[in-house]
Amino acid sequence: MQQLNLKGLSTRVALESSLNPPRLLLDLHKPEAGYRHCSAWSRAIHPFEVRQEWYRDYVLELGEDPLPFVGSITVNGVERIAASSIVAFLGTRGRTTCWPEPRSHLFDVVVDMAEATGILVMTSPWVADAAVASPDGKEVHGFTLADDLAPLIVINERQPKDEQLLTLARHLALLWLGQSGISTAASPVSSDGSLPSFCDVVAREVVDRLHRHVAANKLVVPSMPAIDGWLAVATRSSRTFTRALIGNTGGTSTTFLSAFRMLGIRSTDVFNAIGRSLDLEV
């Protein structure tokens, strides 16, 4: 058995992932023959597609350039080089100069780093609901909507943080490949299994390197309190997206009703509370 090099990941998670790597479904809307739950799945991802479309239009109005890392590697490349590219770009902080704040877990630090590069990272509990299972009927770990202006990753927040971290790393690899896709609970990998295997190896290397990078910069402080309250609501919808949406709602831009729908809220009071949690003037 291949020796694992996963600092910070539990032995159980590492062992299960090595024996049964999650499956990647590369077409979110056209599943393989025989898959069920397709309409429920399409309805489930639609709100995220709406958010992505809004943010893409917003970035276009700002005149931002396409993100250079999307589609910058191929599955025929060397996994360690691919991992190095991902970690290097996260370390340069992409579109912003904001250094991540200390967090209680590496997953939260990496989310901050990914968002600083222009990637929208969202979490949701619904992906574990059987009513909205993935096209192959398996529990969803996460999915990616690749785009060179508004790439989006959604992570199943019901997973333990170690598993969320590894899922996020797999989907970062998928973005670097320029691919949209879903990762689901462990299942046999079909004959086109080179891509899931590639993403899995890259993810492990990314996690290992990020552990070293973050430890050197003292960005993980276990005693740090967890994010809660309205800031947690903003974080689930991507702080980058939420900040942009709240700052551009009203007037001749986005209506309050549209913003409420995209944030899954119903009142101006909640909207304002979320804005204040992000230090916005509302």
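User: What does contact mean here?
Analyst: Contact means heavy atoms within 4.5 Å. By that cut-off, Ser-85, Ile-86, Phe-89 and Leu-90 in helix α3 meet Leu-172, Ala-173 and Trp-176 in helix α5. The residues of this contact divide into six nonpolar, one polar and no charged; Ala, Val, Leu, Ile, Met, Phe, Trp, Tyr, Cys and Pro count as nonpolar, Asp, Glu, Lys and Arg as charged, and the others, Gly among them, as polar.

User: What kind of model is this?
Analyst: The model is predicted, local features need pLDDT of at least 70, side-chain atom pairs count only at pLDDT 80 or more, and totals for chains, interfaces and linings use all residues. Residues are numbered from 1 along each chain as its sequence is written, and side-chain values use heavy atoms, with hydrogens and water left out.

User: Why are α3 and α5 called roughly perpendicular?
Analyst: The axes, lines fitted to C-alpha atoms over the stretch in contact, with angles from 0 to 180 degrees between N-to-C directions, cross at roughly 95°. Angles of 65 to 115 degrees count as roughly perpendicular, so the term applies to α3 and α5.

User: What makes β3 and β4 a pair?
Analyst: Two strands pair if DSSP finds at least two bridges between them. Four bridges join β3 to β4 (residues 152-156), and the strands run antiparallel. Gly-142 stands opposite Ile-155 in β4.

Conventions:
Helices (H or I, at least four residues) and strands (E, at least two) are DSSP runs, numbered from the N terminus. Angles under 35 degrees count as roughly parallel, over 145 as roughly antiparallel, 65 to 115 as roughly perpendicular and the rest as oblique.
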